[in-house]
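Please look over the following protein model with attention to its charged side chains and its overall fold. The questions and answers below take these topics in turn.

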Amino acid sequence: MTDLHIRAAVPADAETVLAFWKEAAEGTSITDDADGVTRLVTRDPEALILAECDGVLVGSVIAGWDGWRASLYRLAVLPSRRRQGIATALLEAAERRFLAVGGRRGDAMVLEANERAQRAWAAAGYHREDHWRRWVKPLVETA
């Protein structure tokens with residue numbers, strides 16, 4: 001593998017990240033727009049972690065810390081670059097971030113139907129907790 005560079009996203013990365021997620025991430029989110037990504041990295045500049053090879057975005061993870069929980073979202077790797085250690089490097093960066101701010105446990109959001117993702121999370125040492133369910137209420141109308 002060429003040199004892998006792990007870095008925090010900046011607001012100028014928003015459109016590139018959105019295009020990357022369309023290709024590499026499973027599912028969509030109500031916050032999948034430039035304003036949502038920009039707001040994330042403006043509020044928490046270390047939350048969106050990117051992996052680049054030769055200047056090309058090849059991976060991402062959101063490592064959100066709210067002072068109470070360490071939450072992981074949008075772990076994604078370009079399909080052509082999977083199984084090369086990129087997800088591992090991203091999760092290691094996220095876990096270092098959480099430990100540095102006092103996080104005690106990482107919680108990952110994983111789509112129920114995404115079996116490939118479930119295997120990847122399990123391989124990284126995460127386990128499913130069936131006694132929890134996610135409850136959501138959209139606060140804005142979506143198109």
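**Salt bridges and fold**

The structure holds nine salt bridges, a salt bridge being a side-chain nitrogen of Lys or Arg within 4 Å of a carboxyl oxygen of Asp or Glu. This is a predicted model, in which local features need pLDDT of at least 70 and side-chain atom pairs count only at pLDDT 80 or more, while totals for chains, interfaces and linings use all residues. Residues are numbered from 1 along each chain as its sequence is written, and side-chain values use heavy atoms, with hydrogens and water left out.

Q: How many helices and strands does the protein chain have, and in which order do its elements run from the N terminus on?
A: Helices (H or I, at least four residues) and strands (E, at least two) are taken as DSSP runs and numbered from the N terminus. On that basis the secondary structure comprises four helices and five strands. Read from the N terminus, the order of the elements is β-α-α-β-β-β-α-β-α.

Q: Why does the protein chain count as being as compact as a globular protein of its length?
A: The globule rule is 2.2 Å times the number of residues to the power 0.38, and the radius of gyration is taken over C-alpha atoms. For 143 residues the rule gives 15 Å, and the protein chain is as compact as a globular protein of that length because its radius of gyration is close to this, at 15 Å.

Q: What share of the contacts in the protein chain with a separation of 6 or more comes from residues 24 or more positions apart?
A: Contact here means heavy atoms within 4.5 Å. Among contacts with a sequence separation of 6 or more, the share that joins residues 24 or more positions apart is 63%.

Q: Where do R39 and D35 lie, and how far apart are the closest N and O atoms of their salt bridge?
A: Both residues belong to helix α2 (residues 34-43), where they are four residues apart, about one turn of the helix. R39 is partly exposed, with a relative accessible area of 47%, and D35 is likewise partly exposed at 47%, given that buried means under 20% relative accessible area, exposed over 50%, and partly exposed in between (1.4 Å probe, protein chains only). The closest N and O atoms of this pair are separated by 2.2 Å.

Q: Which residue forms a salt bridge with R97 at 2.5 Å, N to O, and is it buried or exposed?
A: The side chains of R97 and D44 meet in a salt bridge at 2.5 Å, N to O. This pair links distant parts of the chain, 53 residues apart, with R97 in helix α3 (residues 86-101) and D44 in the loop between α2 and β2 (48-53).

Q: Which residues are in contact with W65, leaving aside its neighbours within four places in sequence?
A: W65 lies in strand β3 (residues 56-65) and is buried, with a relative accessible area of 18%. Beyond its neighbours within four places in sequence, W65 is in contact with D44, A70, R97, F98, V101, G102 and G103.
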